[in-house]
Amino acid sequence: MNGDELRKILCRLEMGMVLTVPDRWLDRNITGTRVSRALLVEEIARQFHCVCYQEPDGIRFERQGFSFTG
């Protein structure tokens, strides 16, 4: 898989929400080496205005606010 499920989850997060995804889930749902998986996860997080924090047993995503243009 190329991260489609992670995209679906992150697009539903509201501003200020936090989600922790276990490493087991990432290993099962995103193929590739650890490095390629980490780069893909970072890119997906950036697309959905999230900040990633590496935790001992997973990754924590925090949805940031984004500026509104009128």
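Ile-59 lies in strand 3; helices (H or I, at least four residues) and strands (E, at least two) are DSSP runs, numbered from the N terminus. The model is a predicted one, in which local features need pLDDT of at least 70 and side-chain atom pairs count only at pLDDT 80 or more, while totals for chains, interfaces and linings use all residues. Residues are numbered from 1 along each chain as its sequence is written, and side-chain values use heavy atoms, with hydrogens and water left out.

With a relative accessible area of 9%, Ile-59 is buried; buried means under 20% relative accessible area, exposed over 50%, and partly exposed in between (1.4 Å probe, protein chains only). Residues up to four places away in sequence being left out, Ile-59 touches Leu-19, Thr-20, Val-21, Leu-26, Val-41, Cys-52, Tyr-53 and Gln-54, where contact means heavy atoms within 4.5 Å. Between Ile-59 and Glu-42, which are 17 residues apart along the chain, the C-alpha separation is 10 Å.

Three strands make up an open sheet with the order 1-3-2 and antiparallel pairing; two strands pair if DSSP finds at least two bridges between them. Strand 1 (18-22) and strand 2 (50-55) are at the edges and have a single partner strand each, so one side of each is left without a neighbour in the sheet. On average, and with direction ignored, neighbouring strands of this sheet are turned by 20 degrees against each other. Axes are lines fitted to C-alpha atoms, for helices over the stretch in contact, and angles run from 0 to 180 degrees between N-to-C directions.

Six bridges connect strand 2 with strand 3 (residues 58-63) in the antiparallel sense. These two strands form a hairpin with two residues between them. Glu-55 has Gly-58 of strand 3 as its bridge partner, and Tyr-53 has Arg-60 of strand 3. Strand 1 is joined to strand 3 by five bridges, again antiparallel, and Val-18 has Glu-62 of strand 3 as its bridge partner.

## Helices against the sheet

Helix 1 (residues 4-11) lies across strand 1, strand 2 and strand 3, and runs at about 40 degrees to strand 3. Helix 3 (residues 34-47) lies across strand 2 and strand 3, at about 145 degrees to strand 2.

Glu-5 belongs to helix 1 and is partly exposed, its relative accessible area being 33%. Not counting residues up to four places away in sequence, Glu-5 touches Trp-25 and Asn-29. Glu-5 and Tyr-53 are 48 residues apart in sequence, and their C-alpha atoms are 19 Å apart in space.

## The nonpolar core

The largest nonpolar core comprises 15 residues, and those with the most contacts inside it are Leu-6, Leu-10, Leu-26, Val-41 and Phe-61. Such a core is a set of buried Ala, Val, Leu, Ile, Met, Phe, Trp, Tyr and Cys residues joined through side-chain atoms within 4.5 Å. At least two residues of this core come from each of helix 1, helix 2 (23-29), helix 3, strand 2 and strand 3. Helix 3 gives the most, with three residues.

Neighbours within four places in sequence aside, Val-41 is in contact with Leu-6, Leu-26, Ile-30, Cys-52, Ile-59 and Phe-61.

## The largest pocket

The largest pocket has a volume of about 180 Å³. On a 1 Å grid over the protein atoms alone, a pocket is an open set of points where a 1.4 Å probe fits, with protein on both sides within 12 Å along at least five of seven lines, and lining residues have an atom within 4 Å of a point. Grid points are joined across faces, edges and corners, and a volume is the space filled by probe spheres set on the points.

The lining consists of Asp-23, Leu-26, Asp-27, Arg-34, Arg-37, Ala-38, Val-41, Glu-42, Cys-52, Gln-54 and Ile-59. Helix 2, helix 3 and strand 2 each supply at least two residues of this lining, and helix 3 gives the most, with five residues.

## Backbone at His-49

Most residues other than glycine have a negative phi. His-49, although not a glycine, has a positive phi of about 60 degrees. His-49 is placed in the loop between helix 3 and strand 2 and, at 36% relative accessibility, counts as partly exposed.
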